[in-house]
Amino acid sequence: MAEQKRDYYEVLGVSKDADDAALKKAYRMLAKKYHPDANPGDKQAEAAFKEINEAYSVLSDPKKRAQYDQFGHAAFDPRMGGGGSGGGFYEGNAADFGDIFGDMFGGDIFGSFFGGGRGAQRQAANAPMRGANVHATVRLTFEEAIFGCKKKITIDYKEECETCKGSGAKPGTSPETCPTCKGQGKIVKMSQTMFGTVQNVQTCPTCHGSGKVVKEKCTSCNGTGYKRIRKSFEVSIPAGIDNGLSVRMPHGGEPGVNGGERGDLLVECIVSPHPIFKRQDTNIFSTVPISFATAALGGTIRIKTVDGEVEYTVKAGTQTDTRVRLSGKGVPSLRNPKMRGDHYVTLVVDVPTKLNAKQREALKNFDEAMQGDGKKKGLFS
């Protein structure tokens, strides 16, 4: 299975309702942290930088963001007719991109990045942070994926502890300022390089970025602030979903930190194969056997489709492996369910493996008639 893309909001660490300023601020901070010039030879940083640019290129464009909010990564999946604009380097406004890196590096090359000049403000590490997304899978039949359906799934779900109301502290007490980071949620270390002073910011290992520590833990949740329960969700599967694509359920994920909103629940769809039909994008393919007489003389046959059986008139003289198209009998488009692909049927002449005496005699007579009509020598002569 192809590698699953991370949610773009999760990549940038922002909420789904983040405005342009919040998106740009988050992008500045992450791009600055993972820029290849600041991490020479670091392949992981390079991959992260590309992922950050990809996310920002979509979320900073109102049209692309609206498509992504509705369909997730499927909006840019070429298999579903997407534009493919979610893969690679930042494709947004060039002036905006220059402004971002101008803010990052200042007037002098690498100035603000390495401690000199004007630097972009860092987002506080103990600011509200959106919770992580939770991933689940659901199995669908071929028909359920074609026409859409509703599925019930049950997952482990973190719910706020009723005793401490999510604080993690014993009733009557409250979390205290972290002594390690003094409530900042981050540890700043300075080091000297050939470019100047480099500032390295890390999440505080004591409070894990919250800026608070719990001295007396709540006994109900052991200081976590949450209890894990089994919770069921009803997932609406859109018509036309393909194998491996995910459906987003807002706020079904992990709780946020410091008052941040919950992440989303991403439900990956696993579609079972069909014994007759094969799917490719929005088209369906199948093979139908026809008799030699029908192929030679023509006639009406019945073909199975996802909508039920339909009648089709075979032309006289049809050759084996002839492909016919049933318009609009394919898969609905994810972006526009009113538009459907086609169903392509390969007609294969069915040659009998066993013949009785009467059938054999009839074929001999046919073969002789074909020879008499100027045809090449037959099989039975």
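Q: Which residues of helix H2 are buried?
A: Buried means under 20% relative accessible area, exposed over 50%, and partly exposed in between (1.4 Å probe, protein chains only). Helices (H or I, at least four residues) are DSSP runs, numbered from the N terminus. In H2, the buried residues are Leu-23, Ala-26, Tyr-27, Arg-28, Leu-30, Ala-31 and Lys-32.

The model is predicted: local features need pLDDT of at least 70, side-chain atom pairs count only at pLDDT 80 or more, and totals for chains, interfaces and linings use all residues. Residues are numbered from 1 along each chain as its sequence is written, and side-chain values use heavy atoms, with hydrogens and water left out.

Q: What distance does helix H2 reach from its first C-alpha to its last?
A: Helix H2 covers residues 20-34, which is 15 residues. The expected span is 1.5 Å times one less than the number of residues. The helix comes close to the expected value, reaching 21 Å.

Q: How many disulfides does a search of the whole structure find?
A: A disulfide is a pair of cysteine sulfur atoms within 2.5 Å. The sulfur of Cys-207 has its closest cysteine sulfur in Cys-181, at 3.7 Å, so it is too far for a bond. For Cys-269, which is in no disulfide, the nearest cysteine sulfur is that of Cys-149, 7.9 Å away. The search of the whole structure finds zero.

Q: Is Cys-269 buried or exposed?
A: The relative accessible area of Cys-269 is 0%. Cys-207, at 6% relative accessibility, counts as buried. Cys-269 is likewise buried.

Q: Which helix holds Phe-292?
A: Phe-292 has a relative accessible area of 44%, so it is partly exposed. The helix with residues 292-297, where Phe-292 is found, is H7.

Technical notes: Helices (H or I, at least four residues) and strands (E, at least two) are DSSP runs, numbered from the N terminus.
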